[in-house]
Amino acid sequence: MELTDLTTVCPAPRRGERVALGLSGGVDSAVAAALLLRGGWDVLGVYLDIGVGGSGLADAAAVARALSIPFRAVDIRQALEEKVCAPFAAGYLAGETPLPCALCNPAVKFPALLGAAAEAGAFYVSTGHYARVEKGALKKGRPANDQSYMLARLTREQLQHVIFPLGDYEKAGVRALAEGLDLPVAHKPDSMEICFIPQGDYGAWLESRGFSTPEGDFVDASGKVLGRHRGIHRYTLGQRRGLGVSGPHRYFVSAIRPQDNTVVLSDGGDLYTTRAWCRQLNWLGEGELTGERRCDVRLRHSRTQTPARIRPRGEAVEILADAPLRAPTPGQLAVFYEGDRVLGSGWICEET
């Protein structure tokens with residue numbers, strides 16, 4: 001696969017203009033660096049060190065050497081702990097299902113990159129995300145790999161400084177480019193875990209930090225005890241696997257009640273609704289919502305989105321979907337789209 005013109009996803013640099021690129025040690029950021037170099041940018045590779053070990057730092061340094069770009073590491077452990085890890089734990093203790101990447105991007109990752117850019121005299125920062133920024137507006141990447149959902153908490157000000165070189169690519173093409181460029185991470189597997197929980201077991205991570213919740217009862221809607229759960233922090237709305245409860249039908253988690261430490265199970269029929277709520281709005285379109293508006297809404301990091309009406313309700317937004325939504329989950333994001341453009345987002349909550 002050939003390198004394509006970057007003019008659709010980033011501005012043309014002034015002569016010698018520098019950009020600070022988050023170089024993670026993975027294939028996406030490595031190819032992003034190569035694309036920026038081809039576009040005429042002076043690229044500074046920045047590794048954001050979260051202190052979990054592994055090969056990330058060494059792999060990022062190897063990519064920097066292969067591309068002959070300057071490289072530095074920035075320690076973000078304290079900021080990650082305060083702004084992501086602690087809220088992540090608190091969310092599970094409250095019966096929510098936190099979304100750490102969406103918390104991290106505006107509060108830790110991009111501020112760290114912007115800080116490194118400022119020190120290096122650069123205006124722009126970049127990452128290997130599959131999304132686009134056009135004239136300060138956040139837009140979707142290609143459908144197969146779009147990551148705009150996880151970026152919807154970035155602020156308008158932050159987006160003025162952001163370049164996403166992979167916005168017009170799909171993962172298979174990026175992997176082919178890495179191989180063609182003989183990048184040292186071309187065959188490195190993609191990481192699917194939460195970055196600060198490399199083993200993938202968030203329940204064990206919470207328990208190791210003293211954030212576990214006690215065992216309690218699985219109950220049905222009437223309060224009948226169906227079995228014992230291992231702590232509400234190990235469950236999320238809509239979950240079916242790992243419950244260990246048998247009965248006349250398959251069971252799904254339909255509610256998590258920290259107030260009495262119970263997890264409600266059902267046949268899943270009550271998980272669907274055409275109405276949801278969100279709060280702590282982040283508007284990226286023309287401005288704040290002042291009246292009812294049509295849009296598409298996405299409640300999970302997937303390709304599924306549903307046409308809906310949204311309308312302000314004090315400091316919250318009410319979502320009235322055209323088709324049933326499955327398990328709107330507190331702690332996750334509702335992201336609003338108009339075509340490819342992200343209008344804004346809010347954290348899903350109970351009815352206000």
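Residues are numbered from 1 along each chain as its sequence is written, and side-chain values use heavy atoms, with hydrogens and water left out. Since this is a predicted model, local features need pLDDT of at least 70 and side-chain atom pairs count only at pLDDT 80 or more, while totals for chains, interfaces and linings use all residues.

Along the principal axes, the C-alpha atoms fill a box of roughly 70 × 45 × 35 Å. Of the 352 residues, 52% count as buried, where buried means under 20% relative accessible area, exposed over 50%, and partly exposed in between (1.4 Å probe, protein chains only).

Next come the strands. Five of them form an open sheet with parallel pairing, in the order E3-E2-E1-E4-E7; two strands pair if DSSP finds at least two bridges between them. Strand E3 (71-75) and strand E7 (162-163) stand at the edges with a single partner strand each, so one side of each is left without a neighbour in the sheet. Within this sheet, E1 (residues 18-22) and E2 (residues 42-49) pair in the parallel sense over five bridges, and Ala-20 stands opposite Leu-44 in E2. Elsewhere, E5 (residues 131-134) and E6 (residues 137-140) run antiparallel, joined by four bridges. Glu-134 has Ala-137 in E6 as its bridge partner, and in this hairpin, with two residues between the strands, Lys-135 takes a positive phi near 50 degrees.

Positive phi values turn up in two loops as well. Ser-68, in the loop between helix H2 (56-67) and E3, has phi near 55 degrees and counts as exposed at 66% relative accessibility. Asn-261, in the loop between E10 and strand E11 (262-266), has phi near 60 degrees but is buried, with a relative accessible area of 16%.

Finally, there is the second largest pocket, with about 540 Å³ of space. On a 1 Å grid over the protein atoms alone, a pocket is an open set of points where a 1.4 Å probe fits, with protein on both sides within 12 Å along at least five of seven lines; lining residues have an atom within 4 Å of a point. Grid points are joined across faces, edges and corners, and the volume is the space filled by probe spheres set on them. The lining has 24 residues, and Leu-237, Pro-328, Pro-330, Cys-349 and Glu-350 lie nearest the centre. Strands E10 (252-257), E12 (272-283) and E17 (341-349) each supply at least two lining residues, with E12 giving the most, five. By class, the lining has 13 nonpolar, four polar and seven charged residues; Ala, Val, Leu, Ile, Met, Phe, Trp, Tyr, Cys and Pro count as nonpolar, Asp, Glu, Lys and Arg as charged, and the others, Gly among them, as polar.
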